[in-house]
Amino acid sequence: MTKPSLPDLLHAAVTAVGGTERPGQVAMAEAVAEAVGGPASDDSPQSEDGAKHGYAHLLVQAGTGTGKSLGYLVPALTHGERVVIATATLALQRQLVERDLPRTVDALHPLLRRRPEFAMLKGRSNYLCLHRLHEGAPQDEEDGLFDVFEQATPTSKLGKDLMRLRDWADETETGDRDALTPGVSDRAWGQVSVSSRECLGASKCAYGAECFAEAARERAKLADVVITNHALLAIDAIEGAPVLPQHEVLIIDEAHELVSRVTGVATGELTPGQVNRAVRRAAKLVNEKAADQLQTASETFERLMELALPGRLEEIPEDLGYCLMALRDAARTVISALGSTRDKSVQDEDAVRKQALASVENIHAVAERIANGSEYDVVWYERHDRFGASLRVAPLSVSGLLREKLFEDRSVVLTSATLKLGGDFNGVAASLGLAPEGTEGEDVPRWKGLDVGSPFDYGKQGILYVAKHLAQPGREGSRTDMLDELTELIEAAGGRTLGLFSSMRAAQAAAEELRGRLDVPILLQGEETLGELIRTFAEDARTCLFGTLSLWQGVDVPGPNCQLVVMDRVPFPRPDDPLMSARQKAVEEGGGNGFMAVAATHAALLMAQGAGRLVRATGDRGVVAVLDPRVERARYGSFLRKSMPQFWYTTDRNQVRRSLAAIDAAAKAAEEK
């Protein structure tokens with residue numbers, strides 16, 4: 001029997017999930033199959049490896065509505081070797097594991113004559129720990145462990161959450177936090193979960209044979225396709241201790257998020273509270289001299305942090321340098337002492353010791369990293385109104401790390417709706433450690449960029465309006481002209497507005513002002529859970545939703561209730577952002593254009609994501625309004641416009657008001673019918 005062709009397999013999968021085949025989806029599936037080595041089209045030869053065709057890696061931009069999940073799932077399931085798929089968001093992981101994969105496997109089974117297996121794998125702290133559940137959590141203030149179930153009052157929120165967790169433990173098959181509905185607070189979950197550093201290990205734990213995290217790892221080892229997240233992928237790459245099973249092919253969805261997620265995993269932090277917790281945890285387990293040494297270093301660090309002013313530390317001040325070395329040395333002494341000292345009064349000593357060791361090892365690692373002062377690290381002080389001061393260290397760039405750890409030993413496919421910025425893939429590729437497309441060289445990873453377009457007719461479905469008559473936004477102060485413009489646009493649209501603001505302060509000021517001017521409900525991020533806000537916004541046509549960063553990427557409201565998306569200004573990084581400004585300076589010192597490579601690229605990515613909130617289905621119509629004249633007037637404006645969906649473009653304010661009024665009238669007429 002001849003092998004089924006890729007179009008046949010894709011057709012079966014699309015039919016199974018109730019979708020519609022798109023030309024872009026077919027083009028994407030064929031390119032992915034070619035890159036990783038899988039079934040070919042009827043009219044193209046079977047490819048064992050994309051490298052034969054001049055590339056080993058693939059960047060695919062697939063616009064909203066393309067059906068990109070199936071565009072990579074079908075080649076992945078039919079590849080024959082293990083494939084790891086990493087996503088950024090919980091929503092997409094759930095969609096893949098609960099909806100797309102089961103249906104696709106069922107559809108492909110008759111054609112493949114086998115059932116590809118799939119599994120989800122997350123970090124250990126995402127799974128219920130049976131040891132913590134049954135034995136209790138080590139408490140800093142107490143002598144050892146305490147039974148949180150007895151301590152928490154049954155009527156308190158914590159008590160109710162914990163009782164529900166205990167009942168859930170008897171019925172769950174996975175122990176995965178995300179399978180618990182409704183969820184519980186972080187505080188409650190923290191009592192029944194452990195980090196990988198705190199885990200006793202299956203061989204030493206009384207509950208090792210029943211461990212949910214270990215079971216997830218075993219399932220992943222047997223699976224053809226493993227779904228994970230960017231953070232676990234970063235940990236696997238950075239820490240060198242393999243968490244993911246061996247694989248030949250890696251597919252990264254929502255790839256525009258990868259650099260920031262990897263940067264987050266590679267960032268270290270020291271706070272006085274964190275150091276104090278480490279002191280308390282270790283005090284009962286080491287000799288008095290070692291405990292006192294860490295206590296003294298902790299007190300010195302706390303005094304220094306009280307005086308810390310926010311901002312980058314291009315050089316480590318002498319007093320901070322001495323303090324960090326003292327912390328590092330004291331932590332090393334405690335780590336050595338933890339291995340030999342025993343205290344008869346401590347219950348479940350292994351668990352208490354493991355938690356203390358994890359805390360102190362983290363202090364040692366971060367203090368040593370900052371004290372050593374690498375030219376490839378950026379160090380800064382941060383001050384938070386609620387949590388106080390922290391000392392942070394992050395890599396100046398993760399491109400070298402990604403090039404070395406991701407692209408050397410496997411085929412990698414990266415996909416997103418926003419990978420082409422300013423008209424090509426090279427900007428995103430550079431952030432991933434890849435040379436410009438087509439660059440030849442022995443150690444240069446070869447890659448191909450492919451834009452499969454979108455099924456939407458952006459030129460007919462949407463308008464991009466730039467309010468070029470407004471004053472250029474300054475760093476501070478109210479923007480009365482912008483608020484006047486926003487008021488008129490919302491009135492013309494009859495509500496139906498998603499307001500994307502570059503700061504929470506701007507979103508709050510706009511909501512407060514317009515609630516007094518307009519007779520439409522205005523929801524504000526932070527006043528309710530994000531899920532509840534989006535649900536309310538989607539259900540009521542007159543409602544507006546204002547917010548900041550998570551709304552630029554996290555809103556999917558097809559239909560007439562989101563017909564106006566407004567951006568208050570170009571979302572450049574803050575000038576005082578230590579990491580972004582350091583990265584910009586490094587590019588300039590290397591002879592490049594730091595502003596375009598860092599600030600403009602950051603803004604373009606967000607604007608592309610934000611503009612993508614408007615058209616989510618073939619019948620959607622509307623306007624993306626940018627209330628910042630620089631998008632029209634500045635030299636970088638064309639770069640920003642090219643990064644967004646190619647809507648019909650105008651700066652005519654009267655034309656836009658007429659268009660919004662017509663779209664609103666059509667939506668109302670449809671609602672009445």
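Figure 1. R113 lies in the loop between helix 4 (90-112) and strand 3. In this predicted model, the phi angle of R113 is near 60°, which is a positive value in a residue other than glycine. Most residues other than glycine have a negative phi. With a relative accessibility of 63%, R113 counts as exposed, because the threshold for that class is over 50%.

Figure 2. R496 is placed in the loop between helix 19 and strand 15 (497-500). Its phi is near 50°, again a positive value in a residue other than glycine. Is R496 buried or exposed? The relative accessible area of R496 is 2%, and the residue is buried.

Figure 3. The peptide bond from T181 to P182 is cis, and its omega is near -10°. P182 belongs to the loop between helix 7 (157-171) and helix 8 (186-190). Most peptide bonds are trans.

Figure 4. Strand 3 and strand 6 (residues 225-229) run parallel and are joined by 3 bridges. Within this pairing, A119 stands opposite V226 of strand 6.

**Figure 5. Strand 11 and its antiparallel partners.** Of the 8 residues of strand 11 (residues 388-395), 6 are buried, so this strand is largely enclosed by the rest of the structure. Strand 10 (residues 377-384) pairs with strand 11 in the antiparallel sense over 8 bridges, and a hairpin connects strand 10 to strand 11 through 3 residues. Y381 has L391 of strand 11 as its bridge partner. Strand 8 (residues 268-270) also pairs with strand 11 in the antiparallel sense, over 3 bridges. There, the bridge partner of G268 is V393 in strand 11.

**Figure 6. The salt bridge between R124 and E214.** The structure holds 35 salt bridges, including one between R124 and E214, whose closest N and O atoms are 2.8 Å apart. R124 lies in the loop between strand 3 and helix 5 (130-135), whereas E214 lies in helix 9 (residues 212-222), so the pair ties together parts that are 90 residues apart in sequence. R124 is buried at a relative accessible area of 14%, while E214 counts as partly exposed at 21% relative accessibility.

**Figure 7. The salt bridge between D100 and R99.** The closest N and O atoms of the salt bridge formed by D100 and R99 are 3.0 Å apart. D100 counts as buried, at 4% relative accessibility. R99, at 41% relative accessibility, counts as partly exposed.

Figure 8. E485 forms a salt bridge with R657, and their closest N and O atoms are 3.2 Å apart. This pair links distant parts of the chain, with E485 in helix 19 (residues 480-493) and R657 in helix 27 (residues 653-672), 172 residues apart. Both E485 and R657 are buried.

**Figure 9. The largest cavity and its lining.** The structure holds 2 cavities of 30 Å³ or more. The volume of the largest cavity is about 270 Å³. Which residues that line the largest cavity are the closest to its centre? Of the 24 lining residues, these are C129, H131, V194, C199 and L200. Helix 5, helix 9 and helix 15 (349-372) are the elements that give two or more residues to this lining.

Note on methods. Residues are numbered from 1 along each chain as its sequence is written. This is a predicted model: local features need pLDDT of at least 70, side-chain atom pairs count only at pLDDT 80 or more; totals for chains, interfaces and linings use all residues. Side-chain values use heavy atoms; hydrogens and water are left out. Two strands pair if DSSP finds at least two bridges between them. Helices (H or I, at least four residues) and strands (E, at least two) are DSSP runs, numbered from the N terminus. A salt bridge is a side-chain nitrogen of Lys or Arg within 4 Å of a carboxyl oxygen of Asp or Glu. Buried means under 20% relative accessible area, exposed over 50%, partly exposed in between (1.4 Å probe, protein chains only). On a 1 Å grid over the protein atoms alone, a cavity is a set of points where a 1.4 Å probe fits but cannot get out, and a pocket is an open set with protein on both sides within 12 Å along at least five of seven lines; lining residues have an atom within 4 Å of a point. Grid points are joined across faces, edges and corners, and a volume is the space filled by probe spheres set on the points.
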